[in-house]
Amino acid sequence: MASMSDLREVTVGTGAGLDTADMVLNIGPQHPSTHGVLRLRLVLDGERVVSCEPIIGYMHRGAEKLFEVRDYRQIIVLANRHDWLSAFANELGVALAVERLMGIEVPERAVWLRMALAELNRVLNHLMFLGSYPLEIGAITPVFYAFRERETLQTVMEEVSGGRMHYMFNRVGGLKEEVPAGWTRRARAAIGEVRRRLPDLDNLIRRNDIFLARTVGVGVLTAEQAAAYGASGPVARASGLDFDLRRDDPYLAYDELSVPVVTKRAGDCHSRFEVLLDQVYVSLDLAQECLDRVDRLTGPVNVRLPKVVKAPEGHTYAWTENPLGINGYYLVSRGEKTPWRMKLRTASYANVQALTTLLPGCLVPDLIAILGSMFFVVGDIDK
């Protein structure tokens with residue numbers, strides 16, 4: 001036990017003439033059922049962040065290894081869940097990778113239905129963050145507006161697939177089944193309703209003085225830093241990186257659409273929020289365009305597959321523009337009914353890396369604003 005002579009008094013804090021010591025503070029990990037199971041190891045000088053180390057892995061479920069013992073029909077259910085707010089887009093990437101390796105051509109009606117559903121899923125993802133981000137920095141009301149719109153679209157997604165978050169509607173070769181009679185009409189009505197009511201949320205928060213004070217000029221990520229960390233999606237576009245796979249390396253039938261790409265230049269928390277908000281308007285328009293096209297098409301929504309699906313020996317990489325950024329599946333097959341290896345490249349993983357650059361120098365209250373503006377899902381980091 002230390003004697004009294006060994007003890008010394010250290011003043012932790014900042015102030016003229018005081019000896020100060022940096023404090024190590026752990027933020028997280030939280031309970032697994034909360035919004036994020038992420039740990040930030042901070043070194044603080046008073047209330048100012050000196051350094052930040054994001055520590056991940058608390059939610060690791062080993063999805064990449066689980067893929068190797070499940071066949072190509074079963075892996076969709078696992079892929080569905082790594083970013084639980086982008087489930088349809090996750091399924092789609094797996095299906096595209098397997099179809100590319102097997103040389104399957106998906107029916108045209110299924111292609112346009114996939115695009116319509118992917119854009120609706122994008123809106124659902126963005127609305128969640130548009131509600132939860134202001135909540136994290138003290139604005140309670142926006143989340144009620146955001147969830148009102150989410151419920152309108154969730155009803156449409158639930159009717160078509162039976163699921164509210166984990167749709168399980170993609171299949172290798174197309175979609176699970178034909179959509180219910182009259183569904184495209186109801187989906188269009190829901191889109192119109194959301195588009196009409198979205199200004200309620202927009203006017204409430206975008207130009208709110210308190211929200212502006214907490215987000216403008218805070219957590220600036222330059223285009224060079226975003227590119228260096230491999231950031232993508234809304235986070236990268238808010239920094240001026242004008243890149244969107246739907247336009248720049250189209251998959252499905254995106255090359256037949258004109259996809260407006262929303263970008264900002266400031267790279268701060270407010271720009272990231274604005275990109276998300278503006279993209280909702282774009283995706284609603286794209287979803288409606290796809291539904292109009294679906295109504296002009298007839299025919300099947302999937303192809304008949306053999307009882308045991310085996311991808312030929314080889315490898316392929318399929319990437320898609322997920323709601324949070326670029327999502328890639330590198331699939332390696334040895335000609336068996338299970339993948340030999342499937343590597344995930346997730347958007348959240350790359351985006352969260354940038355915190356080591358963004359947080360040093362900021363104050364602890366700004367840390368919450370910056371962290372929330374990076375728009376990540378922890379399952380997408382830990383996979």
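1. The accessible surface of the chain comes to about 16,500 Å², and 53% of that area belongs to carbon and sulfur atoms. Areas are from the Shrake-Rupley method with a 1.4 Å probe, and for residues only the protein chains shown count as cover. Of the 383 residues, 53% count as buried, where buried means under 20% relative accessible area, exposed over 50% and partly exposed in between (1.4 Å probe, protein chains only).

2. This is a predicted model: local features need pLDDT of at least 70, side-chain atom pairs count only at pLDDT 80 or more, and totals for chains, interfaces and linings use all residues. Residues are numbered from 1 along each chain as its sequence is written, and side-chain values use heavy atoms, with hydrogens and water left out.

3. The chain has 15 helices and eight strands; these are DSSP runs numbered from the N terminus (helices H or I, at least four residues; strands E, at least two). The radius of gyration is 23 Å, close to the 21 Å that the globule rule gives for 383 residues, so the chain is as compact as a globular protein of that length. The radius is taken over C-alpha atoms, and the rule is 2.2 Å times the number of residues to the power 0.38. Along the principal axes, the C-alpha atoms fill a box of roughly 85 × 50 × 35 Å.

4. Among contacts with a separation of 6 or more, 72% join residues 24 or more positions apart; contact means heavy atoms within 4.5 Å.

5. The largest nonpolar core has 115 residues, and Leu40, Trp183 and Leu359 have the most contacts inside it. Helix H4 (residues 108–136) gives the most to this core, with 16 residues. Such a core is a set of buried Ala, Val, Leu, Ile, Met, Phe, Trp, Tyr and Cys residues joined through side-chain atoms within 4.5 Å. Leaving aside neighbours within four places in sequence, Leu359 touches Leu40, Val49, Cys52, Leu367 and Ile370.

6. Two backbone angles deserve a check. Most residues other than glycine have a negative phi. Leu252 has a positive phi, near 50 degrees, and sits in the loop between helix H10 (245–248) and helix H11 (269–295). Leu252 is partly exposed, at 23% relative accessibility.

7. Phe375, also not a glycine, has a positive phi of about 45 degrees. Phe375 lies in the loop between helix H14 (364–373) and helix H15 (378–382), and is buried, with a relative accessible area of 1%.
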